Amino acid sequence: MIITGRIMPPALAALQEQCEVQQWNQAVAPQVSQLAEWLKDAEGLFVSTNIAVNEELLAAAPKLRVIAQSAVGYDNIDIQACTNRKIPFGNTPGVLVETTADLAFGLLLTAARRIHEGWDWVRAGKWQPGFQLPLGVDLFGKTLGVVGMGAIGAAVARRAQASGMKVIYNNRRPRPDQAALNAEYCSFENLLTESDFIVVLTPLTPESRGMFGAKEFARMKTTAYFINAARGAVVDTQALYTALIEGQIAYAALDVTDPEPLPADHPLIKLPNILIAPHIGSATTETRNRMALLAAENLLLGLAGKPLITCVNPEVNYR
Ligand SMILES: NC(=O)C1=CN([C@@H]2O[C@H](COP(=O)(O)OP(=O)(O)OC[C@H]3O[C@@H](n4cnc5c(N)ncnc54)[C@H](O)[C@@H]3O)[C@@H](O)[C@H]2O)C=CC1
Ligand SMILES: O=C(O)C(=O)CO
């Protein structure tokens with residue numbers, strides 16, 4: 001089997017105990033051509049989100065019987081192409097929910113209270129008597145709009161409610177547990193106009209790609225804070241840049257960008273009203289171990305011809 005990047009040691013050990021493992025050990029993800037020799041004979045593939053599993057890769061790996069990814073989002077995977085070849089694909093839902101919600105809500109709180117700007121001032125020796133930093137904004141009493149009220153969205157909603165915020169949300173459909181969530185379903189258009197803070201947690205799909213563009217930013221409050229912890233391409237980056245420089249919205253906080261990594265000279269980085277984290281939503285030791293172990297378990301099950309625990313294309317999962 002092949003591992004296309006570095007993975008957490010316990011998961012690596014579990015895989016090495018049971019299979020012959022070929023691992024790509026460089027920081028930059030491999031091209032299909034660089035894996036060609038390994039792919040010819042590989043029966044299992046352990047990937048991460050920085051590699052595309054597409055027709056080209058699958059055609060180079062005729063013996064593949066299972067693919068596992070240590071991430072919940074799978075916009076980098078051509079699921080139909082896997083299904084056509086009867087290859088089950090497993091992701092890692094659930095195990096990263098609270099950790100990613102902490103980061104998304106942490107971005108919201110940090111941006112609202114300008115914690116990162118304050119620290120920059122202190123570190124630069126600018127802390128003088130009197131207060132010269134721009135003031136932050138309160139969370140309590142404000143409205144949070146969650147776009148994509150799935151597992152992580154709901155965990156963010158709970159954090160916001162504990163901070164005294166009202167929560168509204170937009171989803172593909174209203175949630176059956178809406179009363180327990182204590183959050184009101186509303187149209188995408190109304191969410192844009194009513195929210196003081198917007199947190200995006202949808203998967204990246206053909207429908208959600210570019211769903212935040214010039215028209216959507218123009219509808220938001222000029223005081224709105226926009227937080228994206230989903231995937232960079234859900235947002236039109238140029239439109240976000242324009243909205244921030246023209247004051248159509250107040251602030252953005254991003255854990256994901258388009259492109260990724262964001263080049264060091266990218267115009268977004270120079271803006272005063274933005275906070276960007278390098279895609280660290282699930283990046284704690286505990287959660288990265290849980291994710292890698294679940295992916296390793298999926299992979300070993302698939303190789304044994306048994307059902308994967310979390311399979312995105314159940315019609316070809318083993319039975
Ligand atoms: N920043 C990071 O490190 C991480 C990012 N993610 C991203 O967050 C996404 C969500 O993860 P989960 O909450 O576990 O998934 P989930 O499947 O539980 O929730 C996704 C929700 O989005 C809704 N949705 C789908 N398309 C939509 C659309 N066009 N408009 C409105 N709502 C839509 C679905 O109905 C569902 O309720 C992942 O797909 C991934 O891309 C996930 C983990 C870590
Ligand atoms: O799980 C995911 O989808 C991620 O983005 C990485 O944690």
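Modeller: Helices (H or I, at least four residues) and strands (E, at least two) are DSSP runs, numbered from the N terminus. This is a predicted model, where local features need pLDDT of at least 70 and side-chain atom pairs count only at pLDDT 80 or more, while totals for chains, interfaces and linings use all residues. Residues are numbered from 1 along each chain as its sequence is written, and chains are lettered from A and ligands numbered from 1 in the order in which they are written.

Colleague: Okay. What order do the strands of the open sheet have?

Modeller: The order is β8-β7-β6-β9-β10-β11-β12, an open sheet of 7 strands with parallel pairing. β8 (184-185) and β12 (274-276) are the edge strands, and each pairs on one side only.

Colleague: And how many bridges are there between β6 and β9?

Modeller: Strand β6 (residues 143-147) and β9 pair over 4 bridges, in the parallel sense. V147 has V200 in β9 as its bridge partner. On to the next pair: β9 and strand β10 (residues 225-228) are parallel too, over 4 bridges, and I198 is partnered by F226 in β10.

Colleague: What about β10 and β11?

Modeller: β10 pairs with strand β11 (residues 251-254) in the parallel sense over 4 bridges. There, Y225 has Y251 as its bridge partner.

Colleague: Back to β9. Which way do its residues point?

Modeller: From strand β9 (residues 197-200), F197 and V199 point one way and I198 and V200 the other way, and all are buried. A residue is buried if 20 or more other C-beta atoms lie within 10 Å of its own, exposed if 12 or fewer, and partly exposed in between, with C-beta atoms placed from the backbone.

Colleague: Which residues have the most contacts inside the largest nonpolar core?

Modeller: A104, L108, V199, Y225 and I227 have the most contacts inside that core, which has 52 residues. Helix α5 (residues 97-113) gives the largest share of this core, 8 residues. By nonpolar core I mean a set of buried Ala, Val, Leu, Ile, Met, Phe, Trp, Tyr and Cys residues joined through C-beta atoms within 7 Å.

Colleague: What is L108 in contact with?

Modeller: Leaving aside neighbours within four places in sequence, L108 is in contact with F197, V199, Y225, I227 and A253. Contact here is for two residues whose C-beta atoms, placed from the backbone, lie within 7 Å. There's also a second, separate core of 40 residues, and I77, I87, A295 and L299 are among them.

Colleague: New topic. How is the protein chain divided?

Modeller: Into domain 1 (2-93 + 285-316) and domain 2 (97-276); such bounds come from an automatic or database domain assignment. Taken over C-alpha atoms, the centres of domain 1 and domain 2 are 31 Å apart. In contact across the two are 4 residues of domain 1 and 5 residues of domain 2.

Colleague: Why does ligand 1 lie between the domains?

Modeller: Because domain 1 and domain 2 both give residues to the shell around ligand 1. 30 residues surround ligand 1, and the closest are G73, G148, G150, P203 and G281. A residue is near a molecule or strand if its C-beta atom, placed from the backbone, lies within 6 Å of it. Helix α7 (residues 151-162) gives the most to that shell, with 3 residues.

Colleague: And which residues are around ligand 2?

Modeller: Around ligand 2 you'll find T49, A71, V72, G73, L96, G281 and S282.

Colleague: Is N182 buried or exposed?

Modeller: N182 counts as exposed, because it has 11 C-beta neighbours inside 10 Å. N182 sits in the loop between α8 (178-181) and β8, and its phi is near 60°, a positive value in a residue other than glycine.

Technical notes. Pairing = 2+ DSSP bridges.
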